[in-house]
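The following paragraphs lead the reader through a structure, part by part. Please keep the sequence and the three-dimensional view at hand while reading.

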Amino acid sequence: MLRSCSRRLVVYVGLLLSAFTLVLVAGCKSGEEGTTPAEPGGMKKAVSQAEPPAKTTAKENATEEGAPELKVGTTLENLQAAFDGESNAHKRYLAFAAKAEEEGYKQAALLFTAAARAEEIHAKSHAKVIEKLGGTPTADIKEPEVKTTKENLEAALKGETYEKNTMYPEFLKVAKADKNADAIRTLNGAMTVEEEHAALYQAALDDLEGQKAITSPLWVCPVCGHTVQAQKLDFSNCPICNTPADQFEKIDQVAAAK
Amino acid sequence: MPISLPPVPKWEGLHPLVVHFPIALLIVAPLFVATGMLLWERTRAYAVAALILMVLGTAGAWVSVASGVAAMGLATVNAEGREVMARHQELAMLVRLAFSILTALYAAIVALPLFAKRLTPKVVVPVHLVFFVLYAGAVLVLAAQSHLGGRLVHEFGVQALM
């Protein structure tokens, strides 16, 4: 009698748990569907309640004086734009490094070399996400306009400031509304590193004469491009992407412009 | 407004959902350890319950660290916030290691009667006291790293991918 009762109890509890699990799964699915409809190509329309409405159609924005006009589109379009920007920055910084070396600004040459490597890493990272979204990374590589090292540092500072203050924050809004973790990670990493580059360029401009002698190597994270100017790294893992510090690339020689 | 359950979180968004469990479990566990010590000669149930809490809490700590590492690349913070995040991560890894060792140690204490049949309070109490001292140290690190996590959310506005 007792055994039969306990068997029944087990069956009832089992049924109850199964029903509860089904309701839970169904509820979660309906919750997911209730967020945003998916666009073709796995992308979702940008709709966010916490942030201003994201721009899903290409739209030109007014930006800071002299800064390039920003077109904010879908996450894929934004990543393409970022890929193009990073690819051009890579080439431009290599040319700036060669010019700085030629003018005797050895430390600035190292800085441009490290920044060029970081931009290359960003471009590759963006490219991976573009491919994941079904696109093909394409960049219109322009011949860089090389001036004096002081002017090059100013131009680089301006470019990085535009990227960290305007371009990446706008692109991130769309990626966050899309809830695209890969896009958020690559855009966020690039934005953080551009902020570091801007600070390094500003420091170099503030002490231009000090750039003539090499005072310190630079280190670049091979995953996110985190750029550090120091004799030794004082952390065990990259503070942006957690890559072990022993995998950082040491930049102590000027790379040749391609 | 229709009621709907939240969507199933992505791995990168799991961190805020899991971090509170290990904190609660690992802070409650010593109460059961203490009760287990006091009732050591009468029942081993409390000691086993404490061990279960510690195992679950430590497992939660491993999941929390892993999901936190996945989430860190998505957090938009300033330089100060990044420093806090790095410290938070460093302490979280220390917490994970400390509670892994403490759980193994307590499992050994719970298993002691299998090897020494007659354990008097003269042995049981000092062993537990040493354990409590070590555990208190680990709880302090846990509290410090939890506070840093709270700062990231409430001071630096870090939000998870929901």
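A:Phe248 touches A:Trp219, A:Val220, A:Cys221 and A:Leu233, leaving aside residues up to four places away in sequence; two residues are in contact if their C-beta atoms, placed from the backbone, lie within 7 Å. The model is a predicted one, in which local features need pLDDT of at least 70, side-chain atom pairs count only at pLDDT 80 or more, and totals for chains, interfaces and linings use all residues. Residues are numbered from 1 along each chain as its sequence is written, while chains are lettered from A and ligands numbered from 1 in the order in which they are written.

A:Phe248 sits in the loop between β4 (227-229) and β5 (249-251) of chain A. Helices (H or I, at least four residues) and strands (E, at least two) are DSSP runs, numbered from the N terminus. Is A:Phe248 buried or exposed? A:Phe248 is buried, because 20 other C-beta atoms lie within 10 Å. A residue is buried if 20 or more other C-beta atoms lie within 10 Å of its own, exposed if 12 or fewer, and partly exposed in between, with C-beta atoms placed from the backbone. Between the C-alpha atoms of A:Phe248 and A:Gly225, which are 23 residues apart along the chain, the separation is 9.1 Å.

Chain A as a whole has five helices and five strands, and from the N terminus on its elements run α-β-β-α-α-α-α-β-β-β. Of its 258 residues, 42% count as buried. Residues 24 or more positions apart provide 70% of the contacts in chain A with a separation of 6 or more. Helix α2 (residues 75-103) of chain A has 29 residues and reaches 41 Å from its first C-alpha to its last, close to the 42 Å expected at 1.5 Å a residue; the expected span is 1.5 Å times one less than the number of residues. Just after α2(A), A:Gly104 adopts a positive phi of about 90°.

Chain B has five helices and zero strands. The C-alpha trace of chain B spans about 60 × 40 × 20 Å along its principal axes. Of the 162 residues of chain B, 36% count as buried. In chain B, residues 24 or more positions apart account for 83% of the contacts with a separation of 6 or more.

Two helix pairs of chain B may now be examined. Two packed helices are described by the angle between their axes and the distance between the axes. Axes are lines fitted to C-alpha atoms, for helices over the stretch in contact, and angles run from 0 to 180 degrees between N-to-C directions. The axes of helix α3 (residues 45-72) of chain B and helix α4 (residues 79-115) of chain B come within 9 Å and cross at roughly 155°. α3(B) and α4(B) are therefore roughly antiparallel to each other, a term for angles over 145 degrees. By class, their contact has 19 nonpolar, seven polar and one charged residues. Here Ala, Val, Leu, Ile, Met, Phe, Trp, Tyr, Cys and Pro count as nonpolar, Asp, Glu, Lys and Arg as charged, and the others, Gly among them, as polar.

The axes of α4(B) and helix α5 (residues 121-154) of chain B come within 8 Å and cross at roughly 155°. α4(B) and α5(B) are therefore roughly antiparallel to each other. The contact of α4(B) with α5(B) has 22 nonpolar, four polar and two charged residues by class.

Notes
Angles under 35 degrees count as roughly parallel, over 145 as roughly antiparallel, 65 to 115 as roughly perpendicular and the rest as oblique.
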